[in-house]
Amino acid sequence: MAARVAFLFAKVAALDDERAVLTFYEGGEPVGESAFSMDDAKRAGLLANQTWKSYPRNMLLARALSNGARWYCPDVFGGAVYTPDELG
């Protein structure tokens, strides 16, 4: 059985109180982009949470990072990746 070994990282492409955009790289090459906006948070019903009101930029970054990790490099976690607010 062969193990997958790669150099994975994410770079912040945009970050403010309205959206976060991360570009994911593997072996130095871009493999995808993950974005999360306040419109996404509103659709998901997250804006009633006090943490989202107090730290929107941090929460947008966390959501973009967790989504991107789930999409582009889930194997680094050995399973599903969820944030506490996704679990309720």
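Tutor: pLDDT is the predictor's confidence in each residue, from 0 to 100. This is a predicted model, where local features need pLDDT of at least 70, side-chain atom pairs count only at pLDDT 80 or more, and totals for chains, interfaces and linings use all residues. Residues are numbered from 1 along each chain as its sequence is written, and side-chain values use heavy atoms, with hydrogens and water left out.

Student: In which helix is confidence lowest, and in which is it highest?

Tutor: Helix α4 (residues 84-87) is lowest, at a mean of 68, and helix α1 (residues 38-43) is highest, at 97. The protein chain averages 86, and 82% of the residues score at least 70. Where pLDDT is low, the predicted coordinates should not be read in detail.

Student: What makes β1 and β2 a pair?

Tutor: Two strands pair if DSSP finds at least two bridges between them. Seven bridges join β1 (residues 8-15) to β2 (residues 19-26), so they pair, and they run antiparallel. Val12 has Leu22 as its bridge partner in β2, and Leu8 stands opposite Glu26. Helices (H or I, at least four residues) and strands (E, at least two) are DSSP runs, numbered from the N terminus.

Student: Why are β1 and β3 called edge strands?

Tutor: The open sheet has the order β1-β2-β3, with antiparallel pairing. β1 and β3 (29-37) each pair on one side only.

Student: How do you know that Ser34 is buried?

Tutor: Buried means under 20% relative accessible area, exposed over 50%, partly exposed in between (1.4 Å probe, protein chains only). Ser34 has 0%, so Ser34 is buried. Ser34 sits in strand β3. Its contacts (heavy atoms within 4.5 Å) include Leu22, Phe24, Ala64 and Trp71, not counting residues up to four places away in sequence.

Student: Why is about one helical turn the separation of Asp40 and Arg43?

Tutor: Because they are three residues apart in helix α1.
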